[in-house]
Amino acid sequence: MNETMVCAVGNVATQPVYRELAAGPSARFRLAVTARYWDREKNAWTDGHTNFFTVWANRQLATNAAASLGVGDPVVVQGRLKVRTDVREGQSWTSADIDAVAIGHDLARGTSAFRRGSVKGEAVGAVSPQLPEPVWETPVGGEPEDGTADTESPRQAEAAAVT
């Protein structure tokens, strides 16, 4: 299975379109990738040709991309390159799509705050139930509740050092 894997760095050109399909969530957006080069004559950076890719995301990646991305966001997209040729109304069209494996904000051009997504059966932002604090200390003058012998707890050692 030889596939062409690419990593494209560019900007989100269209608002992600999210769909719930029978096979699971799907999202797509257009990615603009513009080459930049140093123009010695102008002594400045110059924009070169812009390539546009349609990025496709599926399942949890689709849900997270639709919730996280907006037009103009700088992103890094890794995935499988699919170049398709189609004939529509007598004209030949070529499109370049990326079936995304990973999508993230380009931190070379800004900051991002990561929030972990939901886990199956748990709502986003739900707090897991509080677990009781484990007993770390030995009861005064006795053995730990778990039956193992311990010489001195950290608090007892600290109290002894102070007095």
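**Charges, rings and strands**

Visitor: How many salt bridges does the count come to?

Guide: This is a predicted model, in which local features need pLDDT of at least 70 and side-chain atom pairs count only at pLDDT 80 or more, while totals for chains, interfaces and linings use all residues. Residues are numbered from 1 along each chain as its sequence is written, and side-chain values use heavy atoms, with hydrogens and water left out. A salt bridge is a side-chain nitrogen of Lys or Arg within 4 Å of a carboxyl oxygen of Asp or Glu. By this rule the count comes to five.

Visitor: With which residue does D47 form a salt bridge?

Guide: The closest N and O atoms of D47 and its partner R36 are 2.5 Å apart. The pair links distant parts of the chain, with D47 in strand β4 and R36 in strand β3, eleven residues apart. Strands are DSSP runs (E, at least two residues) numbered from the N terminus. The partner of D47 is R36.

Visitor: Is D97, which meets R84 in a salt bridge, buried or exposed?

Guide: The N to O distance between D97 and R84 is 2.5 Å, and the pair links strand β6 to strand β5 (residues 74-88) across 13 residues. Buried means under 20% relative accessible area, exposed over 50% and partly exposed in between (1.4 Å probe, protein chains only). R84 has 39%, so R84 is partly exposed. D97 has 8%, so D97 is buried.

Visitor: Which side chain of opposite charge is nearest to D99?

Guide: D99 lies in strand β6 (residues 91-105) and is buried, yet has no salt bridge. Lys and Arg count as positive and Asp and Glu as negative, with His and the chain ends not counted. Leaving aside neighbours within four places in sequence, D99 is in contact (heavy atoms within 4.5 Å) with W56, Q78, G79, R80 and K82. The nearest side chain of opposite charge, 4.1 Å from D99, is K82.

Visitor: Over the face of which residue does R88 lie?

Guide: R88 also meets D86 in a salt bridge, 3.2 Å from N to O. A charge sits over a ring if NZ of Lys or CZ of Arg is within 6 Å of the ring centre and within 35 degrees of the ring normal. R88 is 5.1 Å from the ring centre of W93. The face in question belongs to W93.

Visitor: Why is the pair of W38 and W45 given the name it has?

Guide: A search of the whole structure finds one aromatic pair. The ring centres of W38 and W45 are 5.6 Å apart, with the planes at 75°. Rings of Phe, Tyr and Trp (its six-membered ring) pair if their centres lie within 6.5 Å; planes under 30 degrees apart count as stacked, over 60 as edge-to-face and the rest as tilted. The angle of 75° therefore makes this pair edge-to-face.

Visitor: How many bridges join β3 to strand β4?

Guide: Two strands pair if DSSP finds at least two bridges between them. L31 stands opposite F53 in β4. The bridges that join β3 to antiparallel β4 (residues 44-58) number 13.

Visitor: Which residue takes a positive phi in the hairpin of β3 and β4?

Guide: A hairpin with two residues joins β2 to β3. The hairpin of β3 and β4 has four residues between the strands. The residue there with a positive phi, near 55°, is N43.
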